[in-house]
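User: I would like to learn how to read a helix and a single side chain in a model such as this one. Could you take me through it step by step?

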Amino acid sequence: MTTESLAFGDPDFTFSETLRAERGFVLADVDTRATPGYEGDKKSAAMDLVEGQTELSDLQERLWANGKDGDGPSVLLLVQGMDTSGKGGIMRHVVGATDPGGVKYTAFKAPTPEERAHDFLWRIDRALPDAGQLGVFDRSQYEDVLVVRVNELVPRSEWMRRYAQINAFERAALARGITVVKVMLHISSDEQKARLGERLDRPDKYYKYNPGDIAERARWDDYMEAYQAVLAKTSTKGAPWHVVPADRKWYARLAVQQLLLEHLRGLDLEWPAATFDVATEQERLAQT
Ligand code: AMP
Ligand code: MG
């Protein structure tokens, strides 16, 4: 049986394998409306998402418990995607089910003057999760080879070097016990147009609209070329990319939640043993 014929619910199925960008991956071949590995619909996906929240919460607590002594593993969920691709929805519907005390969340904007005074990875390094934390990147170091490349914010010779710098940086993070889960939310240009239109139709969405989004949208093909380069150059064995078709928000949310769950399960997190003698402590408590 090939993985193609497996789907969510089968014991051997994983979103990690199904959505991984392997060598030779072609972004232009992805159907952004597809729901790879999922045979249900919007309604069942919402129920599956709720079911996953319980396990996510449990595994995050185990992760946190193992980090208490300062040297346990950590996990980084890195989310990239064009404007309106649903990054915010992932934060609310997937990450929102976790304990905020154990999350280190960063949304990367255009660099501040202070950040600009340092190497592009300076602010990224500071945002990495500590032992036991779930790190979350809403945009990331990849903006430095996406928006920066498309708009030529630095010379070509400089951004060309960054792919190798990013790979080395991520290798070092892995060596420190950080599991890196990289996700690209992939929407079509038509879907983006519809979503931007909705932001302009609804007063409760105006705050998400930025007139500058239209200029970026006009460079759609350049962005897709830049994303293709990212996938070709930085989908490594230790930190592969997962491309999630995201025209259907319900699918993207479930897929990202399951990607996170699969990686957390892979850490085999046991509850840490007591660092004290339990019987002695019970005795002491009884005497109070
Ligand atoms: P949003 O995520 O919609 O709040 O927008 C954040 C904006 O910051 C986007 O337009 C990004 O392209 C931009 N941004 C993020 N990182 C960088 C960077 N390293 N250089 C330039 N612009 C960036
Ligand atoms: Mg925006």
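Analyst: The expected span of a helix is 1.5 Å times one less than its number of residues, and helices (H or I, at least four residues) and strands (E, at least two) are DSSP runs numbered from the N terminus. This is a predicted model, in which local features need pLDDT of at least 70 and side-chain atom pairs count only at pLDDT 80 or more, while totals for chains, interfaces and linings use all residues. Residues are numbered from 1 along each chain as its sequence is written, and side-chain values use heavy atoms, with hydrogens and water left out.

User: Which residues of H8 are buried, and which are exposed?

Analyst: Buried means under 20% relative accessible area and exposed over 50%, with partly exposed in between (1.4 Å probe, protein chains only). In H8, Glu 191, Gln 192, Arg 195, Leu 196 and Arg 199 are buried. Seen down the axis of H8, these residues fall within an arc of 135 degrees, so they line one face of the helix; the arc is that of the directions from the helix axis to the C-beta atoms. On the other side, Asp 190, Lys 193 and Asp 201 are exposed.

User: What do the buried residues of H8 pack against?

Analyst: Taking contact as heavy atoms within 4.5 Å, they pack against helices H9 (212-217), H10 (220-234) and H11 (249-265).

User: Is Lys 182 buried or exposed?

Analyst: Lys 182, in strand S4 (residues 178-186), counts as buried because its relative accessibility is 0%.

Technical notes. Chains are lettered from A and ligands numbered from 1 in the order in which they are written.
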